[in-house]
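Dear colleague,

Please find the structure handed over to you below. I would be grateful if you would look through it before reading the notes that come after it.

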Amino acid sequence: MKAEIDAARQCLFCRIRDGEIPAEIIYREDGVLAFRDIDLQAPVHVLIIPEKHIASLAEAGEPDDELLGRICRTAALIARRESIEQSGYRLVVNNGPDAGQAVDHLHFHLLGGRSLGWPPG
Ligand code: AMP
Ligand code: ZN
């Protein structure tokens with residue numbers, strides 16, 4: 001438990017949530033926070049996170065089901081607000097080293113505004 005508290009204290013996205021690190025926050029409601037990625041990979045690149053610290057998708061449990069559902073629906077809402085609903089968009093979770101997860105706080109990348117290749121490299 002103490003290790004988890006320490007991890008959350010040092011966590012970049014927990015610090016953004018707490019206003020300790022600046023970010024362009026575009027949505028905050030019902031335990032869900034969204035802000036623009038600092039290194040845009042597409043014209044629209046938003047990170048959507050649970051406000052509570054969950055290290056990765058693998059760490060999410062059954063009690064988080066509703067929260068995860070809300071995050072997905074928030075992604076669709078933001079896509080509409082960002083005017084990429086018709087052109088299309090992608091929602092991505094990187095989990096673990098092979099996927100290149102760099103920040104150990106669960107986050108969903110919402111990407112759109114350009115044609116996205118498949119499969120990802
Ligand atoms: P991932 O590789 O899936 O863990 O994605 C982490 C994402 O966090 C990357 O796309 C980074 O560009 C982004 N990122 C890192 N630091 C910040 C920050 N201070 N504000 C916004 N996005 C960030
Ligand atoms: Zn965190």
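This is a predicted model: local features need pLDDT of at least 70, side-chain atom pairs count only at pLDDT 80 or more; totals for chains, interfaces and linings use all residues.

The ligand site

Ligand 1 sits in the largest pocket. The elements that give two or more residues to the shell around ligand 1 are helix α2 (12–17) and strand β2 (32–36), and α2 gives the most, with three residues. In total, 16 residues surround the ligand, and the closest are D37, N94, A102, H107 and H109. Sorted by class, the shell consists of eight nonpolar, five polar and three charged residues.

For G100, a polar backbone atom is 3.0 Å from an oxygen atom of ligand 1. For A102, one of the closest residues, the distance between a polar backbone atom and a ligand oxygen is 2.6 Å. Ligand 1 exposes 500 Å² when taken alone, and the protein buries 83% of that area.

The aromatic pair

How many aromatic pairs does a search of the whole structure find? The search finds one. F13 and F35 form this pair, which is edge-to-face, with 5.3 Å from centre to centre and 75° between the planes. Because F13 lies in helix α2 and F35 in strand β2, the pair ties together parts that are 22 residues apart in sequence. Both of these elements also contribute to the shell around ligand 1.

Backbone geometry

Most residues other than glycine have a negative phi, and most peptide bonds are trans. Two places in this model deserve mention against that background. D30, which is not a glycine, has a positive phi of about 50°; D30 is found in the loop between β1 (25–29) and β2. A cis peptide bond joins W118 and P119, with omega at about 0°. P119 belongs to the segment after β5 (108–112).

Yours sincerely

Conventions
Residues are numbered from 1 along each chain as its sequence is written. Chains are lettered from A and ligands numbered from 1 in the order in which they are written. Side-chain values use heavy atoms; hydrogens and water are left out. A residue is near a molecule or strand if one of its heavy atoms lies within 4 Å of it. A polar contact is a pair of N or O atoms within 3.5 Å; within protein, one must be able to donate a hydrogen and the other to accept it, and residues adjacent in sequence count only if both atoms are side-chain atoms. Accessible areas come from the Shrake-Rupley method with a 1.4 Å probe; for residues, only the protein chains shown count as cover. On a 1 Å grid over the protein atoms alone, a cavity is a set of points where a 1.4 Å probe fits but cannot get out, and a pocket is an open set with protein on both sides within 12 Å along at least five of seven lines; lining residues have an atom within 4 Å of a point. A molecule sits in a cavity or pocket if more than half of its atoms lie within 2 Å of its grid points. Helices (H or I, at least four residues) and strands (E, at least two) are DSSP runs, numbered from the N terminus. Ala, Val, Leu, Ile, Met, Phe, Trp, Tyr, Cys and Pro count as nonpolar, Asp, Glu, Lys and Arg as charged, and the others, Gly among them, as polar. Rings of Phe, Tyr and Trp (its six-membered ring) pair if their centres lie within 6.5 Å; planes under 30 degrees apart count as stacked, over 60 as edge-to-face and the rest as tilted.
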